[in-house]
Amino acid sequence: MMGGATARVPAKINLHLGVGPLRDDGYHELSTLYCALSLYDEVTVRGDDALSVTVRGENRRQVPSDATNLAARAVVALARHAGMDPHVAITIDKTIPVAGGMAGGSADAAGALVAAARLWRLDIARDELLAIAAELGSDVPFSVVGGAALGTGRGEQLLPVLHRGALHWVLAVSGSGLSTPDVYREIDRLRARDGDDQPAAAGVARPDELMQALASGDVRAVAPLLHNDLQPAALSLQPMLRRTLRAGREAGALAGIVSGSGPTCAFLCADEDAAVRVAAELSGSGVAKAVRTASGPVAGARLIAVN
C-alpha cells in the first residue's frame, strides 16, 4: 500500500518514579506518574518495497537505522497482528534527546504504530494497539496515550490522572546519554551495598499527594513532591549532574529532578516567563549541552499528515 502518514509524538518525564525490587521476569515493579511534554519527534511511514529506517536530526547517528530500531519493531509487530507484510519506509525526525530519560525510542515506536495503522487503514481497537505497545516497551503505551497517567506494573499499566493547567519546564540536556538498563543495574548495586536490596512495599506506593497537587493546578504544591528513585543511580554514573541540578535551582527553578533514567535534568518553573529566564541562565552556565523549554501535560501520538 503506497502513500504515507506522519505522527507527532511527545517526550515524557516522570514526576514521580518509585522503583520496587527486581521481579522474577527481570523487570522492577514501578509506580510512576508520567507527564507528556511539548517536545516532539515526528515519525512518517510510507509504503515501499521493503522495510527501511531513516533517522534525521540531532544525534541521529546514535539511533539504529536497521530492524533493531524500536519504530521498525513496532511496524513489524503491527503487521504481524494484522496479517500484513511490513513493507514500509520509516523516517524519524528527532527532537527528543537520545538516551536522555525522556522515552525518545518509545515515542518513535508509538508514532510508528499510529502512523502505520492509518497507512494500512486498520480497524484496530485502542486496547489492541496498547497491548501491542506494551509488548514493545514499558513506556510505549504512555507515548501513545500522553497527558498525565499513573503507570504501574513495569509502567505499562496506565490510569489517566486529572490535571489542571500547564506545568512549565526547562530541560537541561547532557552531552552524553545513559543506558536505562545500566541505571537500573546501578540502583540495584547501590541498594545491595546499603543493605536495601528489597525495599518495602511503600517504595512503590501510589503518589497520591502529588496526584492531588496536579489536579489542583497549584505548581508550588507540585514542586516539592517531585521524586525519582533512579536519581541516585544516575548521579552515581554521571556525578556532574549534581552541578546541573544545583545550577537550575540557583537560576530560579522551583524544583529540579533527573528525568527517568537520565541524564536529562528537568526543572519545574512557576510559569512560562520564569521558564524563559531559567533557560537563559542555564544556557550561559555551561552545565548542559543544550537547554530547552517545554510544557505539559500534552496529548500523546497524533496524526498530523496523511497522503
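**Helix H10 and other details**

Author: The buried residues of H10 are Ala 274, Ala 275, Val 278, Ala 279 and Leu 282. Buried means under 20% relative accessible area, exposed means over 50%, and partly exposed is in between, using a 1.4 Å probe and protein chains only. The model is a predicted one, in which local features need pLDDT of at least 70 and side-chain atom pairs count only at pLDDT 80 or more, while totals for chains, interfaces and linings use all residues. Residues are numbered from 1 along each chain as its sequence is written, and side-chain values use heavy atoms, with hydrogens and water left out.

Helices (H or I, at least four residues) and strands (E, at least two) are DSSP runs, numbered from the N terminus. H10 covers residues 272–283, which makes 12 residues, and spans 16 Å from its first C-alpha to its last. That is close to the 16 Å expected at 1.5 Å a residue, where the expected span is 1.5 Å times one less than the number of residues.

Seen down the axis of H10, the buried residues fall within an arc of 135 degrees, so they line one face of the helix. The arc is taken from the directions that run from the helix axis to the C-beta atoms. An α-helix has 3.6 residues a turn, so residues three or four places apart point the same way. On the face of H10 turned away from the buried side are the exposed residues Asp 273, Arg 277, Ala 280 and Glu 281.

What lies over the buried residues? Strand E7 (167–173), helix H9 (241–250), strand E10 (265–269) and strand E11 (290–296) are among the elements that cover the buried residues of H10. Contact here means heavy atoms within 4.5 Å. The N-terminal end of H10 is capped by Asp 271, which has a side-chain oxygen 3.3 Å from the backbone nitrogen of Asp 273. A polar contact is a pair of N or O atoms within 3.5 Å; within protein, one must be able to donate a hydrogen and the other to accept it, and residues adjacent in sequence count only if both atoms are side-chain atoms.

Two loops beside the covering strands hold a cis peptide bond. Pro 263 is in the loop between strand E9 (255–258) and E10, and the bond from Gly 262 to Pro 263 is cis, with omega near 10 degrees. Pro 297 is in the loop between E11 and strand E12 (302–306). The bond between Gly 296 and Pro 297 is also cis, with omega about 5 degrees.

Pro 263 is also touched by another residue: leaving aside neighbours within four places in sequence, Ser 176 is in contact with Gln 238 and Pro 263. The side chains of Ser 176 and Gln 238 are joined by a polar contact of 3.1 Å. Ser 176 lies in the loop between E7 and helix H5 (180–193) and, at 42% relative accessibility, is partly exposed. The C-alpha of Ser 176 is 8.3 Å from that of Gly 100, although the two are 76 residues apart along the chain.

Next come the rings. The structure holds 1 aromatic pair. Rings of Phe, Tyr and Trp (its six-membered ring) pair if their centres lie within 6.5 Å; planes under 30 degrees apart count as stacked, over 60 as edge-to-face, and the rest as tilted. Tyr 34 and Phe 142 have ring centres 4.5 Å apart and planes at 10 degrees, so the pair is stacked. Tyr 34 belongs to strand E2 (residues 28–47) and Phe 142 to helix H4 (residues 140–145), so this pair links parts of the chain 108 residues apart. Tyr 34 is buried, with a relative accessible area of 1%, and Phe 142 is buried at 1% too.

Charges also sit over rings, which requires NZ of Lys or CZ of Arg to be within 6 Å of the ring centre and within 35 degrees of the ring normal. Arg 8 lies over the face of Tyr 40, at 5.8 Å from the ring centre. Arg 154 lies over the face of Tyr 27, at 5.0 Å from the ring centre. The backbone nitrogen of Tyr 27 is 2.9 Å from a polar atom of the side chain of Asp 25. Asp 25 is in the loop between E1 and E2, and its side chain makes a polar contact of 2.7 Å with that of Arg 23.
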